[in-house]
Amino acid sequence: MNIENKLSTIESMVQSGLDEKKTCTILELINATHLFPKELFDEFKLYDEYLPQIKALPLTMEQKFLHLLWEIFDKLPLSLITNFAVPFRRILAQKLFKKCGKNFIAMEGVRFNFGHNIEVGDDVFLNREVFLDGKGGITLGNFVTLTEKVEIYTHSHLEYNHGKRIYAPVKVEDFAKVFSHSMLLPGIVVGEQAVVAARSVVTKSVDPNTFVAGIPAKPIRERKNRGRNKHQLGHVWFHNAAFQE
């Protein structure tokens with residue numbers, strides 16, 4: 001079975017609703033049965049199920065299967081074949097996330113919890129090893145990019161009692177860019193067309209069209225748009241706009 005046919009078969013099964021049988025079939029199609037034997041299906045639990053937010057954000061069995069496939073896939077040689085890996089992750093994300101727009105791209109190593117508390121707009125790009133803490137809710141607008149090793153956190157712990165947690169959503173608005181190794185902390189908004197410089201720690205919301213940098217991140221200047229806005233900014237992620245219709 002070639003790549004196109006394999007992806008089409010997987011998409012049909014995912015869109016029709018995953019159960020144990022379909023998940024086993026997908027594991028066979030991606031050559032992953034050695035990583036997850038069938039006898040484990042009756043008892044496996046995911047990391048999310050041991051977190052306090054599982055009470056507020058319970059996982060369905062379908063969501064568990066989707067998370068399982070996402071996590072297993074990056075451990076396979078097949079994940080290195082980009083023209084399979086990008087569409088495969090997109091197929092899962094369309095069911096895993098609360099919302100997933102068109103042309104979604106996620107590279108290897110992208111991790112998240114509570115995918116059903118994450119909203120993603122059109123043409124969003126998540127580069128290698130991005131981490132999304134979905135416990136408090138995350139919204140990524142259209143044409144947002146998070147580059148390598150960006151981390152978004154939506155919860156914190158009280159200093160006097162680690163067991164007490166505070167949750168606050170994070171929003172990254174349309175055409176914003178967050179560069180490598182940066183961290184966004186709970187409750188902040190990165191405004192439309194804003195830019196977060198590499199290795200910044202964002203503790204306060206960022207105004208639209210603003211370039212911020214540092215620890216903690218501070219406004220440096222306006223984004224150098226040269227009179228361009230939105231689609232004119234050329235948020236195309238790959239050569240010849242691969243994977244973007």
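Buried area is the accessible area (1.4 Å probe) that two parts lose on being put together, summed over both. The structure is a predicted model, in which local features need pLDDT of at least 70 and side-chain atom pairs count only at pLDDT 80 or more, while totals for chains, interfaces and linings use all residues. Residues are numbered from 1 along each chain as its sequence is written, and side-chain values use heavy atoms, with hydrogens and water left out.

The protein is divided into domain 1 (1-96) and domain 2 (98-244), with bounds taken from an automatic or database domain assignment. Their C-alpha centres are 25 Å apart. Domain 1 contributes 23 residues to the contact and domain 2 contributes 22 residues; contact means heavy atoms within 4.5 Å. About 2100 Å² is buried between domain 1 and domain 2. Carbon and sulfur atoms carry 61% of this area.

Helices (H or I, at least four residues) and strands (E, at least two) are DSSP runs, numbered from the N terminus. Helix α2 spans residues 20-29. Its buried residues (under 20% relative accessible area, against over 50% for exposed and in between for partly exposed; 1.4 Å probe, protein chains only) are Thr-23, Cys-24, Ile-26, Leu-27 and Leu-29. They pack against α1 (3-15), α3 (61-73) and α4 (82-96). The N-terminal end of α2 is capped by Asp-19. A side-chain oxygen of Asp-19 lies 3.3 Å from the backbone nitrogen of Lys-21. Asn-31 follows α2 and has a positive phi, near 60°.

Cys-24 has a relative accessible area of 10%. Cys-100 is also buried, at 18%. The model contains zero disulfides, a disulfide being a pair of cysteine sulfur atoms within 2.5 Å.

An open sheet is formed by five strands, in the order β1-β4-β7-β12-β15, with parallel pairing. The edges are β1 (99-100) and β15 (189-190). Each has a single partner strand, so one side of each lacks a neighbour in the sheet. Two strands pair if DSSP finds at least two bridges between them. Strand β12 (residues 170-172) joins β15 through two parallel bridges. Val-172 has Val-190 of β15 as its bridge partner.

Further pairing involves β16, β18 and β19. Strand β16 (residues 195-196) runs parallel to strand β18 (residues 210-213), over two bridges. Strand β19 (residues 218-222) pairs with β18 in the antiparallel sense, over four bridges. Thr-210 stands opposite Glu-222. β18 and β19 make a hairpin with four residues between them. Gly-214, in the turn, has a positive phi of about 110°.

Note on methods
Polar contact = N/O pair within 3.5 Å; in protein donor to acceptor, adjacent residues only side chain to side chain.
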